[in-house]
Amino acid sequence: MIEKKDSLAIGEYIKNFARKHSLFVLAYGTGCGAIEIPPTMTSRYDAERFGIRGAATPRQADVLLITGYLATKTLKRVIRVYEQMQDPKYVIGFGSCTINGGMYWDSYNTINSLDKYIPVDVFINGCMPRPEAVISGFVKLQEYIQEGKADGWRKYQNNIEEYRENQKRIIKNWRMPDYNL
Amino acid sequence: MNWSLILGITITIITAFTVGMFYGGISRKVTARIQNRVGPPIWQNFLDVLKLYSKESAIHHGWMQHLGPLWAITASTATLMFVPILNNGQFYQNLNFSGDLIFLMYMMVFGQLGMALGAGQTGNPNSAIGVSRGLSQMVGYKVPWLLALVAIMVQYKATSITGLIELQNQIGWLMFASPFAFIAGLLAFIGMMHYSPFDIVFAPSELASGPPSEFGGKYLGLMMTSGSIFTFAKLVLFVDVFLGGASNILELLLKTFVIYMIPVIYGIVSPRYRTEQSIRYFWGWPTFFGVIGMLYAWYMIS
Amino acid sequence: MREKTTTLYLGPQHPGITGNMMVKLQVAGDTIAKATTEVGYLHRGFEKLMERRNWLQSFTIVCRICVPEPDPNEENFSRAVEEIEGRIIPERAKWLRVLTLELGRIASYLLWYGGQNGSAGLYTVGQWSVGDRNYILDLFEELTGGRVYHMYIWPGGVRRDMPEGFRDKVLSTMDYLEKRLDDYDKLMFDNAIFQKRAQGVGIINKEKAIEWGVVGPPLRACGIASDVRKDDPYEIYDQLDFEIGLEHGSDVWARALVRRKEIRESIKIVRQVMDKIPEGEFYNKIPNPMKWKIPAGEAYVKTESARGEFGYYVVSDGTDKPRRVHVKGPAYVHGVTLLEDMLVGANLADVSFIMNSLGTCPPEIER
Amino acid sequence: MSEQIKEKETLEALTKTFEKVNGIVQRDKRVIVETDAEIIPGVLLYAKERLKFTHFSHMSCVDWIENNQFELVYILWSPEDKIQLIIKCVINREKPIIQNIDNIWRQANTYEREIREMFGVEFEGLIGAKEFILEDWDDIPPMRKDFDTKEYSSKHFFDRPGREDAKDVRTVITERSGEEIPDFAKKYSRD
């Protein structure tokens with residue numbers, strides 16, 4: 001006899017299993033890390049084995065891959081794109097520049113820590129991370145999804161004011177429609 | 001209530017969905033192998049659809065966007081219902097009655113119109129351009145497709161698919177009996193499958209992903225479901241009309257798979273046409289063969 | 001008569017755009033009435049950052065300016081510093097520099113195969129060529145330690161000598177690539193649909209190409225033999241025997257043919273380098289980098305990259321930091337004014353196709 | 001070393017035509033001249049039309065804050081003679097205005113827009129949007145020498161604090177492998 005609690009857990013397991021094995025990555029090369037994405041998707045490394053494939057528009061995508069540094073001008077577009085994506089959604093910070101600014105820690109036009117502006121589930125360090133590192137980052141994300149720990153999107157909903165405040169510190173001209181009405 | 005009919009319909013839909021999904025998976029696998037890759041597992045499409053249905057939010061921009069995918073799935077299921085899946089099966093007989101080839105020609109446009117209306121409401125210019133491209137391309141491939149079907153209907157004085165299948169049991173496959181109509185039909189069919197070089201509607205590097213640009217979550221899931229059912233319906237129709245139908249499920253799978261692989265393999269090695277090049281292509285050789293097929297039919301009956 | 005137009009934003013998030021930039025298109029049907037580019041999404045302020053780093057620290061960040069082909073940046077920076085300082089580099093270092101530059105050019109062209117075909121929907125060639133590019137990156141990894149960013153060519157020479165057995169690996173990779181290039185040709189250049197797509201599309205006429213300062217393969221596709229390697233030979237290019245691609249069609253097809261020829265010529269150059277490379281030192285030691293001062297002076301140096309002329313204008317004021325480093329990437333001309341002009345009247349389907357044939361690379365527009 | 005005949009001819013032609021032009025042949029294929037800001041369009045036009053410097057390679061700006069000057073640099077290339085001509089002029093840093101040359105070379109427009117944005121140099125009659133690379137910039141133009149990028153960065157962006165156990169990489173590696181730091185490396189060590 002399966003109790004109600006168990007059946008919920010089974011449902012959750014199946015959902016997470018599907019989410020884990022089907023990651024649509026938004027085709028948005030925000031920085032120079034975009035150069036290691038084609039090798040990751042092509043023959044030697046072939047990320048499609050893990051169910052990772054590209055998605056053309058934010059509505060269809062599950063994973064936002066921030067490939068490297070974010071210029072302030074790009075940050076605005078990244079936030080727009082992130083808010084257009086459908087829950088549950090995941091963010092992977094790719095490269096050292098997303099962690100602490102990396103090479104460009106003192107630049108006037110690049111942000112230094114990505115997770116102050118949008119929630120990040122997995123960071124991949126290195127400049128640049130090799131395709132193996134990228135794939136291992138994705139596998140880590142899959143583990144988190146299966147365990148239900150990849151809940152950055154929920155964190156974003158709950159702490160929206162804090163994130164907004166940080167975002168508005170950089171984006172002076174804030175004209176942003178609500179995409180999820 | 002005719003319970004066996006309802007059971008048959010349910011089984012048909014499930015079969016169509018499963019087969020369509022697996023064919024999609026196989027095509028992804030074949031593409032990957034040709035591209036020197038391992039590729040995803042062949043059940044990958046099931047996981048994709050399951051994930052899309054398990055999305056927790058799905059944004060829509062109005063009622064039409066709700067209706068669009070539903071309309072599409074209704075139309076593709078209806079198309080499936082009117083195609084005899086097997087020659088003499090009880091379960092797969094479904095709703096088909098005589099005189100349905102003309103009806104099917106309308107029905108097949110219907111689903112795409114639903115998608116067009118749904119995509120139109122999203123307000124995304126990519127969708128709008130995708131829809132207009134889709135409609136103009138439809139004008140392209142419908143010409144040889146209709147010529148081929150009309151040639152056959154004229155030649156054998158039959159509009160019912162079951163009638164055509166019975167006929168083919170006597171005189172052999174129409175593929176050989178009226179070859180010109182078959183060539184026209186096949187070329188048009190390649191266009192109907194929307195694989196490269198005719199993927200101008202969904203062209204990622206031009207229009208993001210065309211009409212479904214704004215569809216996420218459940219809507220995209222519905223579109224994929226409807227797409228796989230419709231693919232199977234089209235394949236079965238083609239097999240019924242030109243390849244003499246199938247008397248058991250294995251034969252059906254074999255025949256549909258061979259037909260399905262033609263556009264897939266052709267797509268892997270071809271770049272995409274521009275819109276006007278695509279239309280010009282359909283109005284070239286395929287239409288020429290269609291006209292020859294008509295003349296041949298006229299010659300045969302006179 | 002004014003037609004009703006739709007505004008279509010191609011980018012910054014769009015699968016068809018090369019890198020991270022935006023083209024705002026006014027579209028009437030499938031035809032483009034007006035195109036406006038918007039760049040700056042990748043601006044990191046390199047030139048400012050170099051002004052507060054000393055000469056050797058600057059060397060580590062210059063390669064980040066252009067991702068697909070970082071070596072011309074290192075080469076330019078090193079050569080500019082050497083020119084201002086009057087430093088002479090050993091003969092072997094020059095050959096090793098040419099080796100890396102040409103391997104980088106091959107890698108860049110292989111990536112171009114992917115972009116050009118991917119934008120036309122022929123993903124198979126792209127999958128093959130980007131996959132095969134890994135073999136070049138393996139060579140780089142063995143030679144320099146880095147896959148993408150090499151930081152190999154530095155003032156005074158190169159950072160490391162060739163490891164043992166490297167020569168055989170280079171030669172066997174070149175043999176393999178030459179065979180593969182024929183495979184790509186069968187699928188791409190012999191493909192009737194690709195020919196239909198590429199011929200007569202994206203034409204720059206010859207006068208305009210000169211007037212607007214077009215460089216690299218797009219200029220050579222107009223029938224103008226202009227290549228920095230021949231016109232202003234640097235390192236040891238004047239001792240090498242190679243040809244440059246020259247076509248007269250000035251459309252996408254001609255540009256593709258130019259690149260098709262040049263990737264083969266690069267393979268030829270790599271083989272020559274491997275044959276003729278002299279023995280000896282590979283590095284003239286620089287003084288303590290923390291106290292290294294460059295005498296006041298200025299230099300404009302340029303290198304032929306896979307996309308055209310890459311220029312560096314470097315000014316030193318006699319201190320341990322650069323006064324000014326100004327980078328001119330080939331995409332600076334191709335990606336903004338020329339693109340805006342070329343896209344008017346083009347088909348929507350060809351936007352990405354044309355951009356790839358010009359080799360638009362946004363990071364070097366805005367740095 | 002070649003005779004540098006063409007280089008000398010170019011230099012001579014320029015200095016003879018314009019009084020206020022003087023310069024040197026820097027090396028093979030490089031000629032550097034200095035001139036006044038007022039006659040820049042004339043010199044450029046002469047170089048383009050008469051001396052066949054048809055290719056506009058590059059345009060740059062250098063901030064000489066000590067002398068209160070901006071130096072503008074125009075770099076031309078002659079495809080026929082294969083010479084790079086570098087023309088320089090200085091303008092006042094307080095009132096940086098110079099004539100626009102995008103009617104001579106169309107693509108100079110892009111360079112001028114960038115210099116306008118990055119240095120605040122005004123070009124008379126320059127068309128094109130004010131914002132080229134930056135967006136909503138409200139500080140002094142960033143490429144000027146008196147703009148401190150590190151200060152701006154630490155004021156606007158979040159610096160991530162270093163790890164508490166952060167040590168010199170060399171120390172960590174030597175500890176892990178149980179070896180001593182070599183003597184020559186010790187003087188560079190942070191600890």
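Reader: What does the secondary structure of chain A come to, in helices and strands?
Author: In this predicted model, chain A has 7 helices and 5 strands. Starting at the N terminus, the order is α-β-α-β-β-α-β-α-β-α-α-α.

Reader: How many of the residues in chain A count as buried, as a percentage?
Author: Buried residues make up 57% of chain A. The cut-off is 20 or more other C-beta atoms within 10 Å of a residue's own.

Reader: Over in chain C, why do β1 and β3 stand at the edges?
Author: The open sheet there has 3 strands in the order β1-β2-β3, paired antiparallel. β1 (6-10) and β3 (31-38) of chain C each have a single partner strand, so one side of each lacks a neighbour in the sheet. From one strand to the next, the twist averages 20°.

Reader: How do you know that β2 and β3 of chain C pair?
Author: Pairing takes at least two bridges, and 7 bridges join β2 (residues 22-28) to β3 in chain C. Those strands run antiparallel, with Val27(C) opposite Ile32(C) of β3(C).

Reader: Which element gives the largest share of the side of chain D that touches chain C?
Author: In that contact, 27 residues of chain D meet 27 of chain C. The largest share on the chain D side is 6 residues, from β3(D). By class, that side has 12 nonpolar, 10 polar and 5 charged residues.

How values were computed. Residues numbered from 1 in each chain as written. Chains lettered and ligands numbered in written order. Predicted model: local features only at pLDDT ≥ 70, side-chain atom pairs only at ≥ 80, totals over all residues. Helix = DSSP H or I, 4+ residues; strand = E, 2+ residues; numbered from the N terminus. Axes fitted to C-alpha atoms, helices over the stretch in contact; angles between N-to-C directions. Contact = placed C-beta atoms within 7 Å. Nonpolar A, V, L, I, M, F, W, Y, C, P; charged D, E, K, R; others polar. Buried ≥ 20, exposed ≤ 12 C-beta atoms within 10 Å, placed from the backbone.
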